[in-house]
Amino acid sequence: MYKKLLFILLLTILSFSGYGQTVFTQTFVDRCTNEVKVVTANFVNGQATVAFYNRVRVFTIQEATNGTLQAWLQETFNWWSSLSPCSIATQQTQQAQQTAQAAQQAAQTAQAAAQSAASAASSAASTPIPTVSTPPPPSTPPPSTPPPTSSQPTNNTSTTSNNNSSSSSSSSSSSSSSSSETKSETKTETKTDEKKTETKTEEKKEEKKVEEKNEEKKEEKKEETKEEEEKKEEKKEEKKEEKKKDEKKEKAKMLPIQLKADLMAMQNPLGGFNGAMSFGLSQSSIFGDVSYGATLMVFDNLKQANLGLSRSKVFIKEGSYDVDWVESTSLTYAYNFGTQSVSGSFMRLKPMGKKGTFGAGINYVGIFGKLMPDPMFTLGYNLLYTNSYSLNKGRLMYSPAFIINQTPISVNTKNVTQSNADAMFILSNSFTYRFTKRFTLNFGYTAIKSTNKLLPLINSFMIGSKIPF
């Protein structure tokens, strides 16, 4: 796929002088890394040792003149181009490493969820079920009999009786004088005047009472409006408190964020090692059923980087605390010397207790960029088995994982389909040592071997730490 942009062959044949020396010079320019390679073959006494990339060979002057040297240089350049950082083989290797990391993280999530579910089941089985005693029904009091009503004489009857008695006395005493009549008249007049004054005072009192009632009603209305305003303010404060409580509950549903920093040494297909720094953030729910993660990896050459996002969901069996299966999804963007790729994977894992965890998934990769005239899309699958072993009284955790990754189909934008029967076998060894409850040290070793004969055994080493906020 990768061809040389500039090929200059300078053949300088110096006639045999006193030293008998002949020099061949050839220049190669790689368009992936813009690296210039100058190959010089200095023949002394008819032989020269030529080093090109990581290959070394001895040639004679006859092999230089008949084209053997040129053919070997071209073959070595093509081999290097097929394994350069921009090549499909390197993309697949990096994708295999990312798949291994994502699968191992999902497996660790599944095992942690299985352990928490087992502990929850044991605690639920050990706690006794409380018995609820129903209180007796309340006793109804006997019906109360109303008190007897007492009849009271009214003032009208008394006044009428007095009038009747006065009329009878006046009729019986016929011999009364006119002076007594005048006296009775004056008495009745004074009584009526008194009654009038009493009615006036009563009316005034009633008016005062009405006014006082009106004032009381006004004050009651004012108090009611004040109470309504206070209630509205209280309701607003209650709503604010409820919102705060809801936010606290949402925060309480998630565990603290964990920061992970790893320093990695990853071997490239050409045999050399590249340093990389990885930063990760992860957070899981308080029950461990959902977890989220983000990882940023930057290489030491500052020309390679990738950013990945992941999510894991644990599904529990109905009516029990056993983990049924775990679903893991991830999305990764990678940049390699101008070549870009977007990859995604979907996995399902089945925890089997002490037997370990099995998983299977599919993944796709889209490769594009300035060095890819025809963007390419690949589709593959992966199989996983992992287990965890507790050592050193639970302080050291060893988690090996074995992964098979294959990308059998690739299609470019011109609808050209290619098949690939090569597979990659990945062995990942992860160690976690817990110093305290908050600080852990991680270190691991990963080996990748492909059935492609061009790809050698690729090794990577990692050391890092994990700290919760």
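Visitor: Hi! How many residues does the protein have, and what percentage of them count as buried?
Guide: Welcome! The protein has 469 residues, and 30% of them count as buried. Keep in mind that this is a predicted model.

Visitor: Thanks. How many helices and strands are there in the protein?
Guide: You'll find five helices and 19 strands.

Visitor: And what share of the contacts joins residues at least 24 apart?
Guide: Taking contacts between residues at least 6 apart in sequence, 48% join residues at least 24 apart.

Visitor: What about the accessible surface of the protein, how much is there?
Guide: About 30900 Å², and carbon and sulfur atoms account for 58% of that.

Visitor: Let's pick one residue. Where does Gln304 lie?
Guide: Gln304 is in strand β9, which covers residues 304-316.

Visitor: Is Gln304 buried or exposed?
Guide: Gln304 counts as buried, because its relative accessibility is 5% and the cut-off for buried is under 20%.

Visitor: Which side chain joins that of Gln304 in a polar contact?
Guide: That would be the side chain of Asn336, with a polar contact of 3.3 Å. Leaving aside residues up to four places away in sequence, Gln304 also touches others, including Pro85, Met297, Tyr335 and Phe337.

Visitor: Switching to helices, how many residues does α2 have?
Guide: Helix α2 has 15 residues, running over 68-82. From first C-alpha to last, α2 reaches 21 Å, close to the 21 Å expected at 1.5 Å a residue.

Visitor: Which residues of α2 are buried?
Guide: They are Leu69, Trp72, Leu73, Thr76, Phe77, Trp79, Trp80 and Ser81.

Conventions: Residues numbered from 1 in each chain as written. Predicted model: local features only at pLDDT ≥ 70, side-chain atom pairs only at ≥ 80, totals over all residues. Heavy atoms only, no water. Helix = DSSP H or I, 4+ residues; strand = E, 2+ residues; numbered from the N terminus. Buried < 20%, exposed > 50% of the residue type's maximum accessible area, 1.4 Å probe, protein only. Contact = heavy atoms within 4.5 Å. Areas by Shrake-Rupley, 256 points an atom, 1.4 Å probe, with all protein chains shown as cover. Polar contact = N/O pair within 3.5 Å; in protein donor to acceptor, adjacent residues only side chain to side chain. Expected span 1.5 Å × (residues − 1).
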